[in-house]
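I opened this model to learn how its chain is put together. My notes follow in the order I looked things up.

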Amino acid sequence: MNFIDYTETVLIVGTIVLSIFLSLLSISKYKRSGSRKMILASLAFSLFAVFSISQLYEEFVLEGGSETHSNIIIDIIIHLIPLAILILFFVGIMEKRKIN
């Protein structure tokens, strides 16, 4: 496994772990608040986990993990985008409303 494959694997696994963690956290918050937004957020985070697991499957089962990479930066950015979306989505959900 070369450096690029290793980096992609770390990003995909990181996204899977973070999305599962955030799903569980959203479910916990839903149980406390009863907010419909939390159940929807939990579903969104769960879908991210499913998406990332499918990426991992595609990378290592269908392609054998030995795909040649034409553009390293594009490959890394593609895997950083879902991770950034998860973090921003989480921060937006957990922000408290300011009451004037």
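I started with threonine 15, which is found in helix 1. Helices (H or I, at least four residues) and strands (E, at least two) are DSSP runs, numbered from the N terminus. Before going further I noted the ground rules. This is a predicted model, in which local features need pLDDT of at least 70 and side-chain atom pairs count only at pLDDT 80 or more, while totals for chains, interfaces and linings use all residues. Residues are numbered from 1 along each chain as its sequence is written, and side-chain values use heavy atoms, with hydrogens and water left out.

**Entry: threonine 15**

Is threonine 15 buried or exposed? I found it buried, because its relative accessibility is 2%. Buried means under 20% relative accessible area, exposed over 50%, and partly exposed in between (1.4 Å probe, protein chains only).

Next I listed what threonine 15 touches, leaving out residues up to four places away in sequence: Ser52, His79, Pro82, Leu83 and Leu86. Contact here means heavy atoms within 4.5 Å. I also checked the side chain of threonine 15 for polar partners. One of its polar atoms lies 2.8 Å from the backbone oxygen of leucine 11. A polar contact is a pair of N or O atoms within 3.5 Å; within protein, one must be able to donate a hydrogen and the other to accept it, and residues adjacent in sequence count only if both atoms are side-chain atoms.

**Entry: across to serine 52**

I followed threonine 15 to serine 52. They are 37 residues apart along the chain, yet their C-alpha atoms are separated by 6.7 Å. Serine 52 has its place in helix 2. Serine 52 counts as buried because its relative accessibility is 0%. With residues up to four places away set aside, serine 52 touches Ile12, Thr15 and Ile16.

Which residues does serine 26 contact beyond its neighbours within four places in sequence? I found Met38, Ala41, Ser42 and Phe45. Serine 26 lies in helix 1. It is buried because its relative accessibility is 0%.

Valine 13 is also placed in helix 1. At 37% relative accessibility, valine 13 counts as partly exposed. Its C-alpha is 8.1 Å from that of isoleucine 53, 40 residues apart along the chain.

**Entry: helix 1 end to end**

I traced helix 1 over residues 3–33. It has 31 residues and reaches 44 Å from first C-alpha to last, close to the 45 Å expected at 1.5 Å a residue. The expected span is 1.5 Å times one less than the number of residues. At the start of helix 1, a side-chain oxygen of asparagine 2 comes within 3.1 Å of the backbone nitrogen of isoleucine 4. Glycine 34 follows helix 1, with a positive phi near 75°.

**Entry: the nonpolar core**

Which residues make up the largest nonpolar core? I counted seven: Leu22, Met38, Ala41, Phe45, Phe48, Leu86 and Ile93. Helix 2 gives the most, with four residues. A nonpolar core is a set of buried Ala, Val, Leu, Ile, Met, Phe, Trp, Tyr and Cys residues joined through side-chain atoms within 4.5 Å.

I looked at leucine 22 on its own. Beyond its neighbours within four places in sequence, leucine 22 is in contact with Phe45, Leu86 and Phe90.

Alanine 44 has its place in helix 2. Its relative accessible area is 25%, so alanine 44 is partly exposed. Alanine 44 and leucine 86 are 42 residues apart in sequence and 9.3 Å apart in space, C-alpha to C-alpha.

**Entry: the whole chain**

I stepped back. The chain has three helices and zero strands, in the pattern α-α-α along the sequence. Of its 100 residues, 30% count as buried. Among contacts with a separation of 6 or more, 78% join residues 24 or more positions apart.

Last, I checked confidence. The chain averages a pLDDT of 79, and 78% of the residues score at least 70. pLDDT is the predictor's confidence in each residue, from 0 to 100. Confidence is highest in helix 1, at a mean of 90, and lowest in helix 3, at 75.
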